Amino acid sequence: MTKLQTSKITIQLLVLLSLIVTASSPQILATQTPGEIYSDTISMEYKNVTVYAPAVGQTASGYVGVISTITATIQSNGSGRVFVDTLPLAQIDMQGSARLAVKVASALVENDQDCNINPSSYDYFFVIRTDSPIIGGPSAGGIMTAAVIVLLEEWPMDDQTIMTGMINPDGSIGPIGGITKKIDAANSVGATRFLIPEGQGTYTETVYETVTTTWGDQIVPHQVTRNVSDYAMKNYGIEVVEVAGIKDVVYYYTGYEYQVTASNQSISTEQYIDSMKPLATTLLSQSNVSFHNASNSFDETNIPNQFPNYYRNQVTDFLNNAEDALIESEDWFNQELYYTSTSKSFQSLINSRFVTYACEYYNADNQKTYLDSLLKQVEDYYINQSQKAKNAEVNGMISLQCVGAAQKRATEAYQYLVAAKKDHTNDEFFSAFYELAFTYQRSESIGWWLGLTAYFNDTGNVSNEQLENLASDYIDDAQQSIVYSNVILQEIGTSSGLISEAENMLETAKEDKNNGYPAAALFEALEALSKGNLALELVDATTTEKIQSRLERANESASNSISESRLRGIEPLLAVSYYEYAQSLVDTNVETALFYYKYSDLIPGVLTFTGNCGTQSSRYVGIPESNFSVWGHGIMKYKEFFILFAIIGGIGGIGAGILIGSIQSKKEKEKIYKTWAPRSTLDYYKQKNQQFSEGQMPRSIEDYYKKIK
């Protein structure tokens, strides 16, 4: 180990140690502490913020609301690593929440035109402390994300706002439980505003009612729906605000807004249309010819149709599907959605080819010989086409997309070929026909995608090493996303088929990377990542309004990503194609539409070697005034005591101010680090609690409130 590496490790250990010590004696809400540490030739700047996070804790008397402190620290000269220390030990979701918080915050900050910070050049530390074991759940994800954002952006946080809510990969705030108990906890630390996930403004409460029956009086429980805002205001005078996404959270905590600059450019540009329309035209023509040939063959072939195998009925279904897909292809072509048209043509071609294979099989003199010959013919064609995909060079961003799409289709063709061989061995010849038809058409589509490179200038440079590293990075990201989503879904008590789909695609990505298809592996990892994320984001999409909100958010984000990519001189051909396909599915298959929006949103980020793309700028508009009611929950009758305490506090504050001033003066003389952060909110709490000098600050939240009482 070099001296430089040793110095860096030493500094990181010092930072982590100081962070743990700070968190072990939490002082106040939203304390921002800056500094800089030097060792030999290395210097590392750091800044931390301590915030409160309400949770549900398990005590001897049952479940209650408790307050945890989270100290988030960012350290310069890092590499994007995330460290988490919890006491008592938390479940795995806290680890996942921290990583996801950093990822979401980084994506937002790095696309802020008014911020020059590179989030990946920092390391991130989270120290979580609570007085009692908390119930598992990712409800701290939102506040952890907000804490990272304010540290990177160098913004102060509001002292009297507290939130609960998980963070979703798309930046939306996900559902949580125990809201009323968390409001109880928020009141104990002086909150005046409480942020909750959108759509969770009501809760159910068990009410016991005495009912008189012929057998006497009985106590009968029943559920009653209550309003969260009414509960918070009536009991504590706390204003409750529902937030949809992390941008809303940042606004209420800091007064800053992220404004997205919408592009007036159409998603389907003239250049995109010039590349996709000829392909759509060719495939539509092929589909027409293939369908009519298959239809004629079917009419002239005697296919058995008797119990137990109604083969002719099955072939009829495939022929009808071919015709339906052909009609849809023509409709989408007329609407100038050319990628969608090609997709429908592809489906029609597969079904027509299946019908043709079935007819040729029953017309053959030796059906076994025909099937053997067909299997070899399709396999030879696959080998020829897949070799083209494997040998295709990736030079820039256009070829990266086209080669990636071609290699991905080669992998799909191979998977169907393997299945066809298995069914052939087991004499499942109808299944083998379909799998061979799919293999052939997928193999043919390899050439389609490789041919699209001729329509664009191959901007940018991509080395083999960069491609390998990108594939590895996104495979890791997808793995983390799937594990995290799976843990949360299990805690909530639900499941999603998207998780298994994501896991299968992730395994395919790993295999392709090992087999020399790095471009395919990259886009397969993106697909797995999209499915893993979406599984979590759909948890609370339980109403038409929420589903529509998800669609609008996904559409807008993907559209902005595509526009940003073009502003950087890169045509996101694949992203545009999948965005277009998502639009065609909105009315018929919402889940698939959301997936393709998410997928198309991620692609431009890969093309620019960053996270999610977006054109946005932050600006300060001010924190909204709170509707906090200090007299609304029984304090009015104690107003005389309140005034008396205020007078006493003012007198005591004069003395405390003199003492603090002398200590501060002494500290200025001994100051050994460079101030790097904005003005700390510590001053606010020193004035608010002037009976404490710096040396007398409580060692825990419990001690703090004992003293101020």
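## Parallel sheet and backbone exceptions

Phe194 stands opposite Val240, a residue of E12. The model is predicted, so local features need pLDDT of at least 70 and side-chain atom pairs count only at pLDDT 80 or more, while totals for chains, interfaces and linings use all residues. Residues are numbered from 1 along each chain as its sequence is written, and side-chain values use heavy atoms, with hydrogens and water left out.

Strand E9 covers residues 193–197 and runs parallel to E12, to which five bridges join it. Two strands count as paired if DSSP finds at least two bridges between them. Strands (E, at least two residues) and helices (H or I, at least four) are DSSP runs, numbered from the N terminus.

E9 belongs to an open sheet of three strands in the order E6-E9-E12, with parallel pairing. Strand E6 (161–163) and strand E12 (239–243) are at the edges with a single partner strand each, so one side of each has no neighbour in the sheet. On average, neighbouring strands of this sheet are turned by 25° against each other, direction ignored. Axes here are lines fitted to C-alpha atoms, for helices over the stretch in contact, and angles run from 0 to 180 degrees between N-to-C directions. In general, strands of a sheet pair through backbone hydrogen bonds, either parallel or antiparallel.

Helix H4 (residues 179–188) lies across E6, E9 and E12 and runs at about 155° to E9. Contact means heavy atoms within 4.5 Å.

Most residues other than glycine have a negative phi, and most peptide bonds are trans. The peptide bond from Phe307 to Pro308 is cis, with omega near 5°. Pro308 is in the loop between helix H7 (270–299) and helix H8 (311–334).

Asn351 is placed in helix H9. With a relative accessibility of 10%, Asn351 counts as buried. Leaving aside residues up to four places away in sequence, Asn351 touches Phe318, Asn321, Ala322 and Tyr434.

Note on methods
Buried means under 20% relative accessible area, exposed over 50%, partly exposed in between (1.4 Å probe, protein chains only).
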